[in-house]
Amino acid sequence: MKKSTSSSTSADNSGNASVPTNTSARGQGHSRAGRDILTMAATSGTLIHKLPAELLVEVFKHSTSTNTPLQSAMALRGVCSHWDQLLKNAPGFWRKIDAREGVALIQQAVPLARDLSLDFSYMAYSSDQKTQEFINGLDGNITAANLRSLTATGTAIASALLGSADAPRLETLILSADRILSPAALALSIVTLFDGHSAPLSLKHVSLSAIGIALGPMQLSGLKSLQLSCMPQVTAEELFRVIAASPELESLDLHWGARGDERLESDNVEDQVNGTPNTLPALRSVTFKYLPPRFAQLLWSRFIFPNLREAQIGGCAGDTMILLNIAAKIPHFTQALAQTTSKATEIEISPISKISMGCCAAIAGGLTVALAGIISAHNNYHNVAEMDEVMTWIKSHLGARFAELPIRFTMDLYLNPELLTALRLFKPQTKITYLSLSPTKAILENDIEAHLKLLGQQGRSSFGEWALPYLEVLETNLINHKAGGSILEIIRSRNVAALVGEHGAPRKLREVQLSMGGKARWDSSVEIHPEIKRAVLEAADGTAVFWYGKQWTLDVHM
(Lines give C-alpha, C1' and ligand atoms only; values in the text may rest on other atoms or scores of the structure.)
Protein backbone atom coordinates (compact mmCIF):
# COMPACT_ATOMS: atom_id res chain seq x y z
CA MET A 1 0.00 0.00 0.00
CA LYS A 2 1.41 3.43 -0.87
CA LYS A 3 2.20 5.61 2.09
CA SER A 4 0.72 9.08 2.02
CA THR A 5 2.98 12.11 2.25
CA SER A 6 2.77 13.83 5.60
CA SER A 7 2.22 17.58 5.31
CA SER A 8 1.41 20.32 7.75
CA THR A 9 0.39 23.95 7.36
CA SER A 10 0.26 26.89 9.72
CA ALA A 11 -1.17 30.40 9.52
CA ASP A 12 0.91 33.57 9.71
CA ASN A 13 -0.19 36.87 11.19
CA SER A 14 -1.47 38.14 7.86
CA GLY A 15 -3.99 35.33 7.63
CA ASN A 16 -2.22 33.52 4.79
CA ALA A 17 -1.36 29.86 5.27
CA SER A 18 2.31 28.99 5.05
CA VAL A 19 3.75 26.58 2.51
CA PRO A 20 3.18 22.88 3.33
CA THR A 21 6.17 21.15 4.90
CA ASN A 22 6.76 17.69 3.45
CA THR A 23 8.24 15.49 6.18
CA SER A 24 8.59 12.27 4.20
CA ALA A 25 11.69 11.00 2.41
CA ARG A 26 9.97 11.66 -0.89
CA GLY A 27 9.97 15.36 -0.09
CA GLN A 28 13.74 15.42 -0.49
CA GLY A 29 13.15 15.80 -4.24
CA HIS A 30 12.01 19.39 -3.71
CA SER A 31 14.11 22.26 -4.97
CA ARG A 32 15.55 24.15 -2.00
CA ALA A 33 15.56 27.43 -3.92
CA GLY A 34 11.94 26.87 -4.94
CA ARG A 35 10.91 26.15 -1.35
CA ASP A 36 12.67 29.26 -0.06
CA ILE A 37 10.92 31.49 -2.58
CA LEU A 38 7.62 29.75 -1.92
CA THR A 39 7.93 30.20 1.84
CA MET A 40 8.80 33.86 1.44
CA ALA A 41 5.85 34.41 -0.88
CA ALA A 42 3.41 32.61 1.41
CA THR A 43 4.44 34.58 4.50
CA SER A 44 4.76 38.05 2.99
CA GLY A 45 1.11 39.10 2.98
CA THR A 46 0.16 41.08 -0.09
CA LEU A 47 3.49 40.42 -1.88
CA ILE A 48 2.28 37.07 -3.12
CA HIS A 49 -0.65 38.67 -4.94
CA LYS A 50 1.73 40.94 -6.85
CA LEU A 51 3.67 38.07 -8.41
CA PRO A 52 2.67 37.36 -12.03
CA ALA A 53 0.69 34.14 -12.27
CA GLU A 54 3.14 32.62 -14.78
CA LEU A 55 6.09 33.28 -12.46
CA LEU A 56 4.37 31.79 -9.44
CA VAL A 57 3.45 28.65 -11.38
CA GLU A 58 7.11 28.26 -12.40
CA VAL A 59 8.08 28.52 -8.72
CA PHE A 60 5.52 25.80 -7.99
CA LYS A 61 7.11 23.55 -10.60
CA HIS A 62 10.54 23.88 -9.00
CA SER A 63 9.27 23.28 -5.48
CA THR A 64 7.24 20.11 -5.96
CA SER A 65 8.67 16.67 -5.30
CA THR A 66 10.25 14.97 -8.27
CA ASN A 67 9.03 11.61 -6.98
CA THR A 68 5.42 12.56 -6.20
CA PRO A 69 4.62 15.72 -8.19
CA LEU A 70 0.86 15.19 -8.08
CA GLN A 71 0.81 14.76 -4.30
CA SER A 72 2.87 17.92 -3.89
CA ALA A 73 0.69 19.85 -6.31
CA MET A 74 -2.50 18.84 -4.52
CA ALA A 75 -0.95 19.99 -1.24
CA LEU A 76 -0.15 23.38 -2.77
CA ARG A 77 -3.77 23.77 -3.86
CA GLY A 78 -4.79 23.49 -0.25
CA VAL A 79 -2.64 26.44 0.90
CA CYS A 80 -5.11 29.18 -0.11
CA SER A 81 -7.84 29.88 -2.65
CA HIS A 82 -5.49 32.04 -4.73
CA TRP A 83 -3.02 29.20 -5.22
CA ASP A 84 -5.86 26.80 -5.85
CA GLN A 85 -7.17 28.95 -8.69
CA LEU A 86 -3.70 29.43 -10.15
CA LEU A 87 -3.05 25.71 -10.28
CA LYS A 88 -6.51 24.91 -11.64
CA ASN A 89 -5.71 27.22 -14.54
CA ALA A 90 -2.22 25.86 -15.21
CA PRO A 91 -2.84 22.73 -17.32
CA GLY A 92 0.87 22.26 -18.03
CA PHE A 93 1.40 21.60 -14.34
CA TRP A 94 -0.66 18.38 -14.51
CA ARG A 95 0.55 16.67 -17.65
CA LYS A 96 3.25 14.52 -15.99
CA ILE A 97 1.50 11.38 -14.69
CA ASP A 98 3.27 8.57 -12.82
CA ALA A 99 1.33 5.38 -12.12
CA ARG A 100 3.06 5.04 -8.75
CA GLU A 101 0.96 7.90 -7.39
CA GLY A 102 -2.19 5.81 -7.63
CA VAL A 103 -5.45 5.79 -9.58
CA ALA A 104 -7.36 8.16 -7.32
CA LEU A 105 -4.82 10.98 -7.61
CA ILE A 106 -4.43 10.46 -11.36
CA GLN A 107 -8.18 10.73 -11.84
CA GLN A 108 -8.11 14.12 -10.12
CA ALA A 109 -5.08 15.38 -12.04
CA VAL A 110 -5.88 14.39 -15.64
CA PRO A 111 -8.95 16.66 -16.01
CA LEU A 112 -6.84 19.60 -14.81
CA ALA A 113 -4.48 19.05 -17.77
CA ARG A 114 -7.50 19.86 -19.97
CA ASP A 115 -6.71 19.20 -23.60
CA LEU A 116 -2.94 18.91 -23.20
CA SER A 117 -1.36 15.59 -24.09
CA LEU A 118 0.12 13.63 -21.18
CA ASP A 119 3.54 12.26 -20.22
CA PHE A 120 2.66 8.91 -18.66
CA SER A 121 5.07 6.63 -16.80
CA TYR A 122 4.19 3.09 -15.72
CA MET A 123 6.77 0.88 -14.04
CA ALA A 124 5.20 -2.56 -13.71
CA TYR A 125 7.33 -3.72 -10.81
CA SER A 126 6.34 -0.73 -8.67
CA SER A 127 2.58 -0.75 -9.20
CA ASP A 128 0.30 -2.31 -6.62
CA GLN A 129 -2.29 -3.31 -9.22
CA LYS A 130 -2.19 -5.52 -12.24
CA THR A 131 -1.89 -3.71 -15.51
CA GLN A 132 -5.36 -4.26 -16.85
CA GLU A 133 -6.98 -3.52 -13.52
CA PHE A 134 -4.98 -0.33 -13.38
CA ILE A 135 -6.11 0.74 -16.85
CA ASN A 136 -9.73 -0.08 -16.02
CA GLY A 137 -9.45 1.93 -12.83
CA LEU A 138 -8.44 5.02 -14.80
CA ASP A 139 -11.90 4.97 -16.35
CA GLY A 140 -10.70 6.29 -19.70
CA ASN A 141 -8.69 9.22 -18.29
CA ILE A 142 -5.53 8.02 -20.05
CA THR A 143 -5.83 6.74 -23.60
CA ALA A 144 -3.74 6.62 -26.74
CA ALA A 145 -5.49 9.79 -27.90
CA ASN A 146 -4.12 11.97 -25.08
CA LEU A 147 -0.57 10.60 -24.76
CA ARG A 148 2.48 12.72 -25.55
CA SER A 149 4.96 10.22 -24.13
CA LEU A 150 4.82 6.71 -22.71
CA THR A 151 7.58 5.28 -20.54
CA ALA A 152 6.88 1.75 -19.35
CA THR A 153 8.27 -1.65 -18.50
CA GLY A 154 6.70 -4.75 -20.02
CA THR A 155 4.50 -5.12 -23.07
CA ALA A 156 1.19 -5.25 -21.19
CA ILE A 157 0.78 -1.52 -20.68
CA ALA A 158 1.93 -0.71 -24.22
CA SER A 159 -0.49 -3.26 -25.63
CA ALA A 160 -3.36 -1.97 -23.47
CA LEU A 161 -2.87 1.67 -24.47
CA LEU A 162 -1.41 1.44 -28.00
CA GLY A 163 -2.19 -2.07 -29.20
CA SER A 164 -5.30 -1.29 -31.21
CA ALA A 165 -5.49 2.48 -31.32
CA ASP A 166 -3.90 5.43 -33.05
CA ALA A 167 -1.95 7.90 -30.93
CA PRO A 168 -2.00 11.10 -32.96
CA ARG A 169 -0.03 13.18 -30.42
CA LEU A 170 2.51 10.60 -29.26
CA GLU A 171 6.06 12.01 -29.48
CA THR A 172 8.13 9.71 -27.25
CA LEU A 173 7.96 5.95 -26.72
CA ILE A 174 10.31 4.33 -24.17
CA LEU A 175 9.71 0.65 -23.48
CA SER A 176 11.91 -1.86 -21.67
CA ALA A 177 11.57 -5.42 -20.44
CA ASP A 178 10.10 -6.16 -17.03
CA ARG A 179 11.95 -9.49 -16.92
CA ILE A 180 14.81 -11.17 -18.76
CA LEU A 181 13.80 -13.50 -21.58
CA SER A 182 15.88 -15.66 -23.86
CA PRO A 183 15.75 -14.74 -27.57
CA ALA A 184 13.56 -17.81 -28.18
CA ALA A 185 11.11 -16.84 -25.44
CA LEU A 186 11.12 -13.25 -26.62
CA ALA A 187 10.22 -14.35 -30.14
CA LEU A 188 7.09 -16.03 -28.77
CA SER A 189 5.88 -12.90 -26.99
CA ILE A 190 6.01 -10.30 -29.77
CA VAL A 191 3.38 -7.57 -29.55
CA THR A 192 2.25 -5.42 -32.48
CA LEU A 193 1.27 -1.83 -31.73
CA PHE A 194 -1.18 0.53 -33.47
CA ASP A 195 -3.26 -2.39 -34.72
CA GLY A 196 -0.48 -3.30 -37.15
CA HIS A 197 -0.57 0.11 -38.85
CA SER A 198 2.15 2.74 -39.13
CA ALA A 199 3.14 4.66 -36.04
CA PRO A 200 1.89 8.27 -35.87
CA LEU A 201 4.01 10.84 -37.69
CA SER A 202 4.25 12.78 -34.43
CA LEU A 203 6.48 10.04 -32.95
CA LYS A 204 10.07 11.39 -32.88
CA HIS A 205 11.85 9.52 -30.09
CA VAL A 206 11.89 5.72 -29.74
CA SER A 207 13.77 3.58 -27.21
CA LEU A 208 13.19 -0.19 -27.04
CA SER A 209 15.20 -2.43 -24.75
CA ALA A 210 14.97 -6.25 -24.64
CA ILE A 211 11.23 -6.11 -25.15
CA GLY A 212 8.90 -8.04 -27.46
CA ILE A 213 7.74 -5.20 -29.70
CA ALA A 214 7.50 -5.67 -33.47
CA LEU A 215 9.48 -2.88 -35.14
CA GLY A 216 8.66 -3.53 -38.80
CA PRO A 217 4.87 -2.95 -38.79
CA MET A 218 5.29 0.48 -37.16
CA GLN A 219 7.00 1.80 -40.32
CA LEU A 220 8.87 4.35 -38.24
CA SER A 221 9.98 7.50 -40.03
CA GLY A 222 11.01 11.05 -39.27
CA LEU A 223 12.66 10.08 -35.98
CA LYS A 224 15.05 12.36 -34.10
CA SER A 225 16.42 9.69 -31.75
CA LEU A 226 16.47 5.90 -31.91
CA GLN A 227 17.77 3.51 -29.28
CA LEU A 228 17.56 -0.26 -29.68
CA SER A 229 19.12 -2.56 -27.11
CA CYS A 230 19.05 -6.36 -27.18
CA MET A 231 16.24 -6.61 -29.72
CA PRO A 232 16.98 -9.91 -31.52
CA GLN A 233 13.64 -9.89 -33.38
CA VAL A 234 14.64 -6.79 -35.36
CA THR A 235 16.06 -7.46 -38.82
CA ALA A 236 18.74 -5.45 -40.59
CA GLU A 237 16.29 -4.61 -43.34
CA GLU A 238 13.78 -3.16 -40.85
CA LEU A 239 16.45 -1.15 -39.12
CA PHE A 240 17.94 0.25 -42.32
CA ARG A 241 14.49 1.29 -43.47
CA VAL A 242 13.85 3.25 -40.27
CA ILE A 243 17.20 5.05 -40.41
CA ALA A 244 16.86 5.90 -44.10
CA ALA A 245 13.36 7.28 -43.46
CA SER A 246 14.66 9.55 -40.68
CA PRO A 247 16.93 12.15 -42.32
CA GLU A 248 16.65 14.43 -39.26
CA LEU A 249 17.95 11.74 -36.90
CA GLU A 250 20.13 13.32 -34.18
CA SER A 251 21.00 10.35 -31.96
CA LEU A 252 21.44 6.66 -32.85
CA ASP A 253 22.17 4.03 -30.17
CA LEU A 254 22.42 0.37 -31.21
CA HIS A 255 23.38 -2.22 -28.61
CA TRP A 256 22.88 -5.78 -29.76
CA GLY A 257 24.32 -7.63 -26.82
CA ALA A 258 24.75 -11.03 -28.49
CA ARG A 259 27.55 -12.16 -30.76
CA GLY A 260 26.62 -13.17 -34.28
CA ASP A 261 22.95 -12.26 -34.07
CA GLU A 262 21.31 -14.41 -36.72
CA ARG A 263 18.66 -11.89 -37.74
CA LEU A 264 21.24 -9.22 -38.48
CA GLU A 265 23.79 -11.56 -40.05
CA SER A 266 21.52 -13.67 -42.22
CA ASP A 267 19.42 -11.00 -43.92
CA ASN A 268 20.21 -10.39 -47.55
CA VAL A 269 20.75 -6.64 -47.37
CA GLU A 270 23.95 -6.18 -49.35
CA ASP A 271 21.99 -4.56 -52.15
CA GLN A 272 21.12 -1.73 -49.77
CA VAL A 273 24.73 -0.49 -49.76
CA ASN A 274 24.84 -0.15 -53.52
CA GLY A 275 24.63 3.31 -55.01
CA THR A 276 24.98 6.58 -53.14
CA PRO A 277 24.94 6.28 -49.35
CA ASN A 278 22.32 8.19 -47.37
CA THR A 279 23.55 11.30 -45.59
CA LEU A 280 22.29 12.07 -42.09
CA PRO A 281 23.33 15.71 -41.59
CA ALA A 282 21.62 16.15 -38.21
CA LEU A 283 23.22 13.10 -36.54
CA ARG A 284 25.42 14.23 -33.65
CA SER A 285 25.74 11.16 -31.42
CA VAL A 286 26.11 7.43 -32.16
CA THR A 287 26.68 4.36 -29.99
CA PHE A 288 27.52 1.03 -31.60
CA LYS A 289 28.05 -1.79 -29.08
CA TYR A 290 28.32 -5.51 -29.77
CA LEU A 291 27.28 -5.15 -33.42
CA PRO A 292 27.84 -8.21 -35.64
CA PRO A 293 30.78 -7.30 -37.92
CA ARG A 294 28.97 -7.86 -41.21
CA PHE A 295 26.04 -5.74 -40.12
CA ALA A 296 28.39 -2.98 -38.91
CA GLN A 297 30.09 -2.91 -42.30
CA LEU A 298 26.76 -2.58 -44.10
CA LEU A 299 25.51 0.09 -41.71
CA TRP A 300 28.61 2.26 -41.88
CA SER A 301 28.82 1.90 -45.65
CA ARG A 302 25.14 2.73 -46.11
CA PHE A 303 25.03 5.98 -44.10
CA ILE A 304 27.22 9.09 -43.85
CA PHE A 305 27.43 11.15 -40.65
CA PRO A 306 29.10 14.42 -41.72
CA ASN A 307 28.47 16.35 -38.50
CA LEU A 308 29.15 13.70 -35.85
CA ARG A 309 30.24 15.01 -32.42
CA GLU A 310 30.15 11.94 -30.16
CA ALA A 311 30.73 8.26 -30.93
CA GLN A 312 31.09 5.13 -28.85
CA ILE A 313 32.21 1.81 -30.32
CA GLY A 314 32.70 -1.33 -28.28
CA GLY A 315 32.45 -5.07 -27.96
CA CYS A 316 33.89 -8.09 -26.23
CA ALA A 317 37.63 -8.57 -26.12
CA GLY A 318 38.77 -9.20 -29.70
CA ASP A 319 35.57 -7.91 -31.28
CA THR A 320 36.35 -4.21 -30.84
CA MET A 321 39.45 -4.39 -33.01
CA ILE A 322 37.46 -6.27 -35.65
CA LEU A 323 34.99 -3.38 -35.72
CA LEU A 324 37.77 -0.78 -35.87
CA ASN A 325 39.48 -2.58 -38.74
CA ILE A 326 36.16 -2.61 -40.60
CA ALA A 327 35.81 1.12 -39.95
CA ALA A 328 39.27 1.72 -41.40
CA LYS A 329 38.06 0.41 -44.77
CA ILE A 330 35.16 2.90 -44.91
CA PRO A 331 36.74 6.37 -45.45
CA HIS A 332 33.65 8.47 -44.74
CA PHE A 333 33.05 6.67 -41.44
CA THR A 334 36.69 6.98 -40.35
CA GLN A 335 36.51 10.68 -41.20
CA ALA A 336 33.40 11.03 -39.03
CA LEU A 337 35.19 9.35 -36.11
CA ALA A 338 38.20 11.64 -36.57
CA GLN A 339 35.88 14.62 -36.41
CA THR A 340 34.72 13.63 -32.92
CA THR A 341 38.32 13.86 -31.68
CA SER A 342 39.07 17.33 -33.06
CA LYS A 343 39.05 18.96 -29.61
CA ALA A 344 40.96 16.21 -27.80
CA THR A 345 43.87 17.49 -25.71
CA GLU A 346 44.69 14.14 -24.13
CA ILE A 347 43.80 10.47 -24.37
CA GLU A 348 42.15 8.94 -21.33
CA ILE A 349 42.37 5.22 -20.65
CA SER A 350 40.11 4.15 -17.84
CA PRO A 351 37.56 1.64 -16.63
CA ILE A 352 34.04 2.72 -17.54
CA SER A 353 32.09 1.00 -14.82
CA LYS A 354 29.46 3.70 -15.19
CA ILE A 355 28.78 2.21 -18.63
CA SER A 356 29.50 -1.46 -18.03
CA MET A 357 31.36 -3.34 -15.31
CA GLY A 358 34.54 -5.03 -16.45
CA CYS A 359 35.09 -2.61 -19.32
CA CYS A 360 37.99 -0.37 -20.17
CA ALA A 361 37.88 2.52 -22.61
CA ALA A 362 40.14 4.78 -24.61
CA ILE A 363 38.58 8.22 -24.71
CA ALA A 364 39.76 10.94 -27.08
CA GLY A 365 37.56 14.00 -27.22
CA GLY A 366 34.10 12.81 -28.21
CA LEU A 367 35.25 9.30 -29.19
CA THR A 368 35.03 6.38 -26.76
CA VAL A 369 36.38 2.96 -27.75
CA ALA A 370 35.20 0.43 -25.17
CA LEU A 371 36.68 -2.98 -24.52
CA ALA A 372 34.55 -5.37 -22.47
CA GLY A 373 36.24 -7.74 -20.08
CA ILE A 374 39.94 -7.00 -20.52
CA ILE A 375 40.85 -5.47 -17.20
CA SER A 376 39.14 -7.48 -14.48
CA ALA A 377 41.73 -9.89 -13.10
CA HIS A 378 39.02 -11.04 -10.70
CA ASN A 379 37.24 -12.54 -13.72
CA ASN A 380 40.50 -13.82 -15.27
CA TYR A 381 40.47 -11.46 -18.26
CA HIS A 382 44.01 -10.70 -19.31
CA ASN A 383 43.79 -9.60 -22.94
CA VAL A 384 45.38 -6.26 -22.12
CA ALA A 385 47.32 -6.15 -25.39
CA GLU A 386 44.16 -5.14 -27.24
CA MET A 387 44.26 -1.70 -25.66
CA ASP A 388 47.66 -1.19 -27.22
CA GLU A 389 46.13 -2.17 -30.57
CA VAL A 390 43.36 0.37 -30.04
CA MET A 391 45.89 3.09 -29.31
CA THR A 392 47.88 2.18 -32.39
CA TRP A 393 44.68 2.28 -34.48
CA ILE A 394 43.75 5.72 -33.17
CA LYS A 395 47.19 7.10 -33.98
CA SER A 396 47.23 5.48 -37.42
CA HIS A 397 43.76 6.43 -38.62
CA LEU A 398 42.65 9.52 -36.72
CA GLY A 399 45.69 11.75 -37.03
CA ALA A 400 49.42 11.83 -36.35
CA ARG A 401 48.90 14.37 -33.54
CA PHE A 402 47.71 11.54 -31.26
CA ALA A 403 51.26 10.26 -31.04
CA GLU A 404 52.16 13.45 -29.14
CA LEU A 405 49.10 13.75 -26.90
CA PRO A 406 49.54 13.02 -23.19
CA ILE A 407 47.75 10.02 -21.75
CA ARG A 408 45.71 9.87 -18.53
CA PHE A 409 45.52 6.31 -17.22
CA THR A 410 43.00 5.42 -14.51
CA MET A 411 42.58 2.03 -12.87
CA ASP A 412 40.07 1.74 -10.05
CA LEU A 413 38.51 -1.72 -10.27
CA TYR A 414 40.51 -4.95 -9.98
CA LEU A 415 44.25 -4.64 -10.42
CA ASN A 416 46.37 -7.31 -12.00
CA PRO A 417 49.75 -7.29 -10.21
CA GLU A 418 51.49 -7.67 -13.56
CA LEU A 419 49.51 -4.90 -15.24
CA LEU A 420 52.28 -2.33 -15.49
CA THR A 421 54.74 -4.83 -16.95
CA ALA A 422 52.24 -6.59 -19.18
CA LEU A 423 50.75 -3.52 -20.85
CA ARG A 424 52.78 -2.56 -23.89
CA LEU A 425 51.14 0.82 -23.42
CA PHE A 426 53.75 1.51 -20.79
CA LYS A 427 56.76 1.34 -23.05
CA PRO A 428 59.07 4.33 -22.53
CA GLN A 429 57.89 6.39 -25.50
CA THR A 430 54.25 6.25 -24.39
CA LYS A 431 53.39 9.61 -22.87
CA ILE A 432 51.36 8.69 -19.83
CA THR A 433 51.48 11.89 -17.78
CA TYR A 434 48.67 11.14 -15.29
CA LEU A 435 48.31 7.81 -13.50
CA SER A 436 45.53 6.92 -11.09
CA LEU A 437 45.79 3.60 -9.24
CA SER A 438 42.92 3.47 -6.78
CA PRO A 439 41.59 -0.04 -6.17
CA THR A 440 38.32 -0.15 -4.25
CA LYS A 441 38.97 -3.33 -2.25
CA ALA A 442 41.30 -3.68 0.71
CA ILE A 443 42.18 -7.25 -0.32
CA LEU A 444 44.28 -5.76 -3.11
CA GLU A 445 46.84 -4.17 -0.79
CA ASN A 446 49.69 -6.32 -2.13
CA ASP A 447 48.70 -5.44 -5.70
CA ILE A 448 48.88 -1.71 -5.08
CA GLU A 449 52.27 -2.03 -3.37
CA ALA A 450 53.63 -3.99 -6.34
CA HIS A 451 52.48 -1.29 -8.74
CA LEU A 452 53.88 1.53 -6.67
CA LYS A 453 57.28 -0.10 -6.17
CA LEU A 454 57.57 -0.61 -9.91
CA LEU A 455 57.27 3.15 -10.47
CA GLY A 456 60.10 3.97 -8.08
CA GLN A 457 62.90 1.80 -9.43
CA GLN A 458 64.83 2.09 -12.66
CA GLY A 459 65.03 -1.01 -14.77
CA ARG A 460 62.00 -2.64 -13.17
CA SER A 461 59.79 -2.14 -16.22
CA SER A 462 59.65 -4.79 -18.93
CA PHE A 463 61.82 -2.52 -21.10
CA GLY A 464 64.68 -2.06 -18.64
CA GLU A 465 63.94 1.65 -18.31
CA TRP A 466 62.04 3.83 -15.91
CA ALA A 467 58.35 2.95 -15.95
CA LEU A 468 56.30 5.86 -17.27
CA PRO A 469 59.11 8.40 -17.70
CA TYR A 470 56.64 11.17 -18.71
CA LEU A 471 54.60 10.78 -15.52
CA GLU A 472 53.81 14.12 -13.83
CA VAL A 473 50.78 13.37 -11.65
CA LEU A 474 50.25 10.24 -9.54
CA GLU A 475 46.94 9.61 -7.79
CA THR A 476 46.57 6.59 -5.54
CA ASN A 477 45.11 5.32 -2.31
CA LEU A 478 47.34 3.59 0.18
CA ILE A 479 45.06 0.73 1.29
CA ASN A 480 47.34 0.31 4.30
CA HIS A 481 50.02 2.33 6.02
CA LYS A 482 52.86 0.23 4.55
CA ALA A 483 52.23 1.68 1.09
CA GLY A 484 53.43 5.04 2.37
CA GLY A 485 56.95 3.75 2.06
CA SER A 486 56.42 3.06 -1.63
CA ILE A 487 55.16 6.62 -2.15
CA LEU A 488 58.30 7.93 -0.46
CA GLU A 489 60.50 5.78 -2.70
CA ILE A 490 58.70 6.94 -5.85
CA ILE A 491 59.00 10.64 -5.06
CA ARG A 492 62.63 10.48 -3.89
CA SER A 493 64.02 8.22 -6.61
CA ARG A 494 62.22 9.84 -9.55
CA ASN A 495 62.95 13.39 -8.46
CA VAL A 496 66.63 12.59 -7.86
CA ALA A 497 66.92 10.92 -11.27
CA ALA A 498 65.25 13.92 -12.89
CA LEU A 499 67.68 16.29 -11.15
CA VAL A 500 70.74 14.30 -12.17
CA GLY A 501 69.46 14.15 -15.74
CA GLU A 502 70.70 10.66 -16.46
CA HIS A 503 69.84 8.96 -19.74
CA GLY A 504 66.18 8.03 -19.91
CA ALA A 505 65.49 9.83 -16.63
CA PRO A 506 61.85 10.37 -15.73
CA ARG A 507 60.27 13.79 -15.38
CA LYS A 508 60.04 15.28 -11.94
CA LEU A 509 56.64 14.62 -10.37
CA ARG A 510 54.45 17.72 -10.26
CA GLU A 511 51.68 16.33 -8.01
CA VAL A 512 51.01 13.31 -5.82
CA GLN A 513 47.37 12.93 -4.74
CA LEU A 514 46.79 10.52 -1.87
CA SER A 515 43.89 9.03 0.07
CA MET A 516 43.56 5.96 2.28
CA GLY A 517 41.49 3.29 0.50
CA GLY A 518 39.60 0.19 1.49
CA LYS A 519 36.75 0.92 3.91
CA ALA A 520 38.34 4.24 4.80
CA ARG A 521 38.61 5.56 1.24
CA TRP A 522 35.91 8.22 1.82
CA ASP A 523 37.06 9.16 5.33
CA SER A 524 39.25 12.25 5.01
CA SER A 525 39.81 12.27 8.79
CA VAL A 526 42.16 9.28 8.50
CA GLU A 527 45.76 10.37 9.04
CA ILE A 528 48.93 8.78 7.73
CA HIS A 529 51.81 8.08 10.10
CA PRO A 530 53.55 11.42 10.94
CA GLU A 531 57.03 10.05 10.24
CA ILE A 532 56.04 8.92 6.76
CA LYS A 533 54.31 12.25 6.12
CA ARG A 534 57.42 14.19 7.12
CA ALA A 535 59.71 11.98 5.06
CA VAL A 536 57.48 12.36 1.98
CA LEU A 537 57.43 16.15 2.28
CA GLU A 538 61.20 16.37 2.74
CA ALA A 539 61.74 14.25 -0.36
CA ALA A 540 59.13 16.16 -2.39
CA ASP A 541 61.42 19.11 -3.20
CA GLY A 542 58.77 21.01 -5.13
CA THR A 543 56.35 18.14 -5.73
CA ALA A 544 52.92 19.11 -4.35
CA VAL A 545 51.52 16.35 -2.12
CA PHE A 546 47.78 16.26 -1.40
CA TRP A 547 45.85 14.20 1.16
CA TYR A 548 42.15 13.97 0.25
CA GLY A 549 42.55 17.11 -1.85
CA LYS A 550 44.24 19.18 0.89
CA GLN A 551 47.88 20.03 0.29
CA TRP A 552 50.37 18.86 2.88
CA THR A 553 52.78 21.38 4.34
CA LEU A 554 55.87 20.69 6.40
CA ASP A 555 55.13 21.30 10.08
CA VAL A 556 58.22 22.03 12.18
CA HIS A 557 56.52 20.34 15.14
CA MET A 558 56.17 16.96 13.37
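**Exercise 1. Which residue of E16 is the bridge partner of Gln312?**

Solution. Before starting, note that this is a predicted model, in which local features need pLDDT of at least 70 and side-chain atom pairs count only at pLDDT 80 or more, while totals for chains, interfaces and linings use all residues. Residues are numbered from 1 along each chain as its sequence is written, and side-chain values use heavy atoms, with hydrogens and water left out.

Step one is to find the strands: helices (H or I, at least four residues) and strands (E, at least two) are DSSP runs, numbered from the N terminus. Strand E13 (residues 310-316) pairs with E16 in the parallel sense over six bridges, where pairing requires that DSSP finds at least two bridges between two strands. Step two is to read off the partner, and in E16 the residue bridged to Gln312 is Thr368.

**Exercise 2. Describe how strand E16 is covered, and on which sides its residues point.**

Solution. The term needed here is buried, meaning under 20% relative accessible area, as against exposed, over 50%, and partly exposed, in between (1.4 Å probe, protein chains only). Strand E16 covers residues 367-372, and six of its six residues are buried. Leu367, Val369 and Leu371 point one way, whereas Thr368, Ala370 and Ala372 point the other way.

**Exercise 3. Which residues of helix H3 are buried, and which are exposed?**

Solution. In helix H3 (residues 53-63), the buried residues are Leu56, Val57, Val59, Phe60 and Ser63. These residues lie on the same side of H3 because they cover an arc of only 155° around the axis, the arc being that of the directions from the helix axis to the C-beta atoms. Glu54 and His62 are exposed on the other side of H3.

**Exercise 4. Locate Glu101 and Gln233, and find what their side chains reach.**

Solution. Glu101 lies in the loop between strand E3 (96-98) and H6, and it counts as buried because its relative accessibility is 6%. Its side chain reaches the backbone nitrogen of Leu70 at 3.0 Å, and the side chain of Glu101 also reaches the backbone nitrogen of Gln71 at 3.0 Å.

Gln233 is placed in the loop between strand E8 (225-229) and H10, and with a relative accessible area of 13% Gln233 is buried. The side chain of Gln233 reaches the backbone oxygen of Ile213 at 3.1 Å.

**Exercise 5. Is Glu248 buried or partly exposed, and what does it touch?**

Solution. Glu248 sits in the loop between helix H10 (236-244) and strand E9 (251-255). With 48% relative accessibility, Glu248 counts as partly exposed. Leaving aside residues up to four places away in sequence, Glu248 touches Leu223, Lys224 and Ala282, where contact means heavy atoms within 4.5 Å. Glu248 and Ser225 are 23 residues apart in sequence, and their C-alpha atoms are 8.9 Å apart in space.

**Exercise 6. Which residues have the most contacts inside the largest nonpolar core?**

Solution. A nonpolar core is a set of buried Ala, Val, Leu, Ile, Met, Phe, Trp, Tyr and Cys residues joined through side-chain atoms within 4.5 Å. The largest such core has 140 residues, and Phe120 and Leu162 have the most contacts inside it. Helix H6 (residues 103-112) gives the most to this core, with six residues. Among the residues that Phe120 touches, beyond those up to four places away in sequence, are Ile97, Phe134 and Leu161.

Note on methods: Polar contact = N/O pair within 3.5 Å; in protein donor to acceptor, adjacent residues only side chain to side chain.
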